[in-house]
Amino acid sequence: MPSSSRPVTDPARARFWERSAQWMYIVPATAYLLLFFGYPIVKNIVMSFQQYTITTFSTGAAPFVGLQNYSKVFASDLFSTALLTTVLFTVGSIVGQFALGLAFALFFQRRFPLGGVLRSLLLLPWLLPLVVSGTTWKWMLDPDTGVVNAALRGLHLSSSGIPWLTGTSQALVSVILVNVWVGIPFNTAILYGGLHDIPTPLYEAAKLDGAGPLASFRHVTWPLLRPVVSVVLVLGVVYTVKVLDIILVVTGGGPADATETLATQSYELSFQQFEFGRGAALSNVLIVLSLAFAVVHLRVNRRARNLW
């Protein structure tokens, strides 16, 4: 009797269907990235070398001007001021967000009643729309009717109040404080997750060796948390240098351009003065600055980790 045998699958055909299934996942994702991320970046770069104004939308004419848009941007009196403000705003925001986020992450690492509820409430600033957060803080920091100055007067800490939004030096501090408040939940959530990935036996071993809380943080927590810290700092800088909503809502770039950053200047050039070419050039400067920081920080952090 002829013996029945199961059909043997062709290995080449199996590999073909396996690769086809892989491409079915890769192609849509690649197409999405190219369409919604690649094209806008390329279009922005091309636009920065053109005289792209509001008349271009009707005539279609966008003459090539070379580096003229970049030269105008760099020669502007406001560029150096906006660049310095961007650096101060970014550094102040990152330091405040990271320090408070790490403090909250270490605090919530301990178990206590209602700890989960408090962690959930801490995410509220991150979940609110930035326009809502900015409007609320603008009302709170109003020099005349704001609750912050009312509290300062009630506690006899200031008789006339602080010009949070009208003083040239106080306005920058105000938008930094608002941005720190918005960014604390993100830093806390990421750092809290990183702390939970550190094995508990390492802390027990450090405690047996006589290490206190500070020594345990220095020799156990910080070295193992460095990769997470790198991610938090890089993402924080990339996000902060392009912050627009908060500044526009709270101060509008004022007073006297005290809170004018490269992001707000790019917005004004593009959507108020309709100089889209110059606005694109300035936004490309922001992209280069973000990439430069990311590359430098990652390389420095990699060398430090190898020497650790």
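In this predicted model, His156 sits in the loop that separates α8 (147-154) from α9 (168-196). The residue is not a glycine, yet its phi is positive, at about 60°. His156 has a relative accessible area of 74%. Exposed means over 50%, so His156 counts as exposed.

A second residue with positive phi is Asp257, which is likewise not a glycine. Its phi is near 60°. Asp257 is placed in the loop between α12 and α13. Its relative accessibility is 37%, and Asp257 therefore counts as partly exposed.

The loop between α12 (245-250) and α13 (262-271) also holds Pro255. A cis peptide bond joins Pro255 to Gly254. The omega angle of this bond is about -5°.

The overall fold was examined next. The protein has 14 helices and 0 strands. Read along the sequence, the pattern is α-α-α-α-α-α-α-α-α-α-α-α-α-α. The radius of gyration is 26 Å. For 308 residues the globule rule gives 19 Å, and the value for the protein is well over that, so the protein is more spread out than a compact globule. The C-alpha trace spans about 105 × 70 × 40 Å along its principal axes.

Burial and surface were then computed. Of the 308 residues, 36% count as buried. The protein exposes about 19,100 Å². Carbon and sulfur atoms supply 68% of that area. Contacts were also sorted by separation in sequence. Among contacts between residues at least 6 apart, 65% join residues at least 24 apart. The charges comprise 20 positive and 13 negative ones.

A pair of aromatic rings is described by the distance of the centres and the angle of the planes. The count comes to 18 aromatic pairs in the protein. One of them joins Phe49 and Phe64. Their ring centres are 6.5 Å apart, and their planes meet at 25°. Planes under 30 degrees apart count as stacked, so this pair is stacked. Phe49 lies in the loop between α1 (11-47) and α2 (56-59). Phe64 lies in the loop between α2 and α3 (68-75). The pair therefore ties together parts that are 15 residues apart in sequence. The two partners fall into separate accessibility classes. Phe49 is partly exposed, at 24% relative accessibility. Phe64 is exposed, at 66%.

Phe49 also pairs with Tyr70. Here the rings are 5.5 Å apart, centre to centre. The angle between the planes is 45°, and the pair is tilted. Phe49 is in the loop between α1 and α2, whereas Tyr70 is in helix α3, so this pair ties together parts 21 residues apart in sequence. Tyr70 has a relative accessibility of 15%. Buried means under 20%, so Tyr70 counts as buried.

Ring pairs also build a cluster. Its members are Tyr52, Phe57, Tyr267, Phe271, Phe274 and Phe276.

Note on methods:
Residues are numbered from 1 along each chain as its sequence is written. This is a predicted model: local features need pLDDT of at least 70, side-chain atom pairs count only at pLDDT 80 or more; totals for chains, interfaces and linings use all residues. Side-chain values use heavy atoms; hydrogens and water are left out. Helices (H or I, at least four residues) and strands (E, at least two) are DSSP runs, numbered from the N terminus. The radius of gyration is taken over C-alpha atoms; the globule rule is 2.2 Å times the number of residues to the power 0.38. Buried means under 20% relative accessible area, exposed over 50%, partly exposed in between (1.4 Å probe, protein chains only). Contact means heavy atoms within 4.5 Å. Accessible areas come from the Shrake-Rupley method with a 1.4 Å probe; for residues, only the protein chains shown count as cover. Lys and Arg count as positive and Asp and Glu as negative; His and the chain ends are not counted. The place of a charge is taken as NZ of Lys, CZ of Arg, CG of Asp or CD of Glu. Rings of Phe, Tyr and Trp (its six-membered ring) pair if their centres lie within 6.5 Å; planes under 30 degrees apart count as stacked, over 60 as edge-to-face and the rest as tilted.
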